[in-house]
Amino acid sequence: MKIGYRTLKTAVGAALAIAIAQLIGLHNFASAGIIVILCVQVTKKRSLETARARFAACVVAIGFAALFFAVFGYHPWTIGLLLLLFIPVTVRLKINEGIATSSVIILHLYAAQDITWGLVANEILLVAVGIGVALLMNMYMPSAEKELKEYQRIVEDLFRIILKEIVRYLRTNELDWDGKELPLAAETLDKAKKLAMRHADNQLWRNEDEYVRYFRMRERQLEIIEHMLPLVTSLVYTVEQRMMVADFIDELSDAIHPGNTADRFLRRLAEMREQFKAMPLPKTREQFEERAALFHLVRELERYLIIKSEFHPGNERKPQRLKA
């Protein structure tokens, strides 16, 4: 049985909040632990958003309770009527995450059968202790940097394999590849993107979404590769331009390593297009169709490289292992 960070933080936080509430003499001190359990979240940003919503909802709930109990008295149906109106208000104010916490406060006020300023202060302090301890617990989040770098390496290895298979077909017309790297790359990118988003949400004071941008960029490139494959397999005849494209893709696949950008490959692609124009026109229908498919393939390669070139350090930081 494995105990996760969130479970550990919840357990420690609940015990700490109850101890603090009991130490300062609050009534219903055990409820501070319940508030911690409700407030511990998976990311720092999420924790702050939840804390804000829960505290605001509790303040609104105290106002609702004071009004309803004063007008309708302390009856079970009063609580039902209160919740009937209170819940839509929290939804409208976008603080509906605080409904569970607020319900605890409302029931405390109902059980007391008399709302006083001292009781209100007690409930606000309970909420403050519970939310405060939950925020303290959530200030520590394990770093996902190592795991993100590993996802990055896996994605790039899969891209390299796919491009090498394209090169092999262009050179030999052999089509015995099962294509398993394509769904594997898509699945890995999906997992990596989710982890990158969580990693970004744990950076409170700086913009750390470079991994999110990176994996989105690779996702778009994978779509281009998927568009390229039917074009590649439609090629049957060996022409000089086909070997030139194969050599280009081969070099591109070898350049998936630290320090390279797409700029030099875009220049190479432009030069190759000019070479194509300078070559003799096709003499047969088959050669014409082959050349047309190759030109289309070159356009897809250009799109692939432009996507990478747009992912530029510029004003935003990029991953340490940025690759072409």
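Student: Which residues does UniProt list for "transmembrane region"?

Tutor: This is a predicted model, and the record can be set beside it. The unreviewed UniProt entry lists residues 12-40, 52-71 and 116-141 under that name. Such annotations may be inferred rather than shown by experiment.

Student: How far apart are the end C-alpha atoms of residues 116-141, and what share of the span is helix?

Tutor: For residues 116-141 the ends are 40 Å apart, with 85% helix and 0% strand. For residues 12-40 the end C-alpha atoms are 11 Å apart, while the span is 72% helix and 0% strand.

Student: What share of the contacts in the chain comes from residues 24 or more positions apart?

Tutor: Among contacts with a separation of 6 or more, 78% join residues 24 or more positions apart.

Student: Which members of the largest nonpolar core touch the most other members?

Tutor: A core of this kind is a set of buried nonpolar residues joined through side-chain atoms. The largest one here has 54 residues, and Ile166, Phe215, Val245 and Ile249 touch the most other members. At least two residues of this core come from each of α7 (145-172), α8 (181-201), α9 (210-234), α10 (240-254), α11 (263-278) and α12 (285-310).

Student: Which residues is Ile166 in contact with, leaving aside neighbours within four places in sequence?

Tutor: Ile166 contacts Met228, Leu229, Val232 and Ile249. A second, separate core has 31 residues, including Ala51, Ala61, Leu82 and Leu109.

Student: Which residues form the nonpolar patch on the surface?

Tutor: The patch consists of Leu16, Ile20, Leu23, Ile24 and Leu136, which together have about 470 Å² of accessible area. Helix α1 (residues 5-23) gives the largest share, three residues.

Student: Why does Ile20 count as partly exposed?

Tutor: Ile20, found in helix α1, counts as partly exposed because its relative accessibility is 31%. That class lies between the cut-offs of 20% for buried and 50% for exposed.

Terms used: Residues are numbered from 1 along each chain as its sequence is written. This is a predicted model: local features need pLDDT of at least 70, side-chain atom pairs count only at pLDDT 80 or more; totals for chains, interfaces and linings use all residues. Side-chain values use heavy atoms; hydrogens and water are left out. Patches are made of residues with over 30% relative accessible area and no salt bridge: like charges are joined within 9 Å, nonpolar side chains (Val, Leu, Ile, Met, Phe, Trp, Tyr) within 5 Å. Accessible areas come from the Shrake-Rupley method with a 1.4 Å probe; for residues, only the protein chains shown count as cover. A salt bridge is a side-chain nitrogen of Lys or Arg within 4 Å of a carboxyl oxygen of Asp or Glu. Helices (H or I, at least four residues) and strands (E, at least two) are DSSP runs, numbered from the N terminus. Buried means under 20% relative accessible area, exposed over 50%, partly exposed in between (1.4 Å probe, protein chains only). A nonpolar core is a set of buried Ala, Val, Leu, Ile, Met, Phe, Trp, Tyr and Cys residues joined through side-chain atoms within 4.5 Å. Contact means heavy atoms within 4.5 Å.
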